[in-house]
Amino acid sequence: MKKKDDIYILDANIFLTGIDFSLFKGIAYTTPSIIDEIRDHRYREKNRNILNKINAAIETNKLRVKHPENKYIEKIIIVSKKTGDFKALSKADKELIALTLELTRKFNRKVTMFSNDYSIENVCSELSVPFLPLYKEGIESKITWQVYCPQCGKIHNVEDLNRLCEICGSKLKRRPKK
Ligand SMILES: [Zn+2]
């Protein structure tokens, strides 16, 4: 790895947008469980092109697949319970955030998480890990966000995101409105 290479962590939903991640400047990482989700036999036919891209990127070392160390997974379990996202996150989600945290701690370079999952976003925000969503064109505008207090449950105005709850003082979060 060259000294200045940025690191990108890619969630399954990012691969599935069909983006050409080989054009990213830097090194992409993901976990074995994310690759397994994409390889799932139910979608294998549909995801064939995406899997081809992934295999090519692994062969050229542009994409690295790494399982996070356990201590980082344990940290994510603690933090996601604190933010109220524990139940919303799959095992694969938690491993992906754990890998992000591990690489942030181990390498002195910029590590950015790419995902469209709002619970992952919440936990990354709690850990101060840079996070970028990469929505399929048009999808973002279809989501209506609801801003709420994870502590007392009060629903707030959307403009209040990241402010503090006036009732209990917790930092407000957002979730898609059902
Ligand atoms: Zn509150």
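Predicted model: local features only at pLDDT ≥ 70, side-chain atom pairs only at ≥ 80, totals over all residues.
Valine 147 sits opposite arginine 174, a residue of strand S8. Strand S6, residues 145-148, runs antiparallel to S8, and four bridges join the two.

Now step back to the sheet around them. Three strands make up an open sheet with antiparallel pairing, in the order S7-S6-S8. Its edge strands are S7 (155-156) and S8 (173-176), each of which pairs on one side only.

Five strands form an open sheet in the order S3-S2-S1-S4-S5, and here the pairing is parallel. Strand S2, residues 27-30, pairs with S3 in the parallel sense through three bridges. Within this pairing, alanine 28 has leucine 63 of S3 as its bridge partner.

| Strand pair | Sense | Bridges |
|---|---|---|
| S2 and S3 | parallel | three bridges |
| S6 and S8 | antiparallel | four bridges |

Finally, the domains. The domain assignment divides the protein chain into domain 1 (7-136) and domain 2 (144-178). Their C-alpha centres are 26 Å apart. How many residues does each domain bring to the contact? Domain 1 gives four residues and domain 2 gives five residues. On the domain 1 side that touches domain 2, one residue is nonpolar, three are polar and none are charged.

Terms used. Residues numbered from 1 in each chain as written. Domains from an automatic or database assignment. Contact = placed C-beta atoms within 7 Å. Nonpolar A, V, L, I, M, F, W, Y, C, P; charged D, E, K, R; others polar. Pairing = 2+ DSSP bridges.
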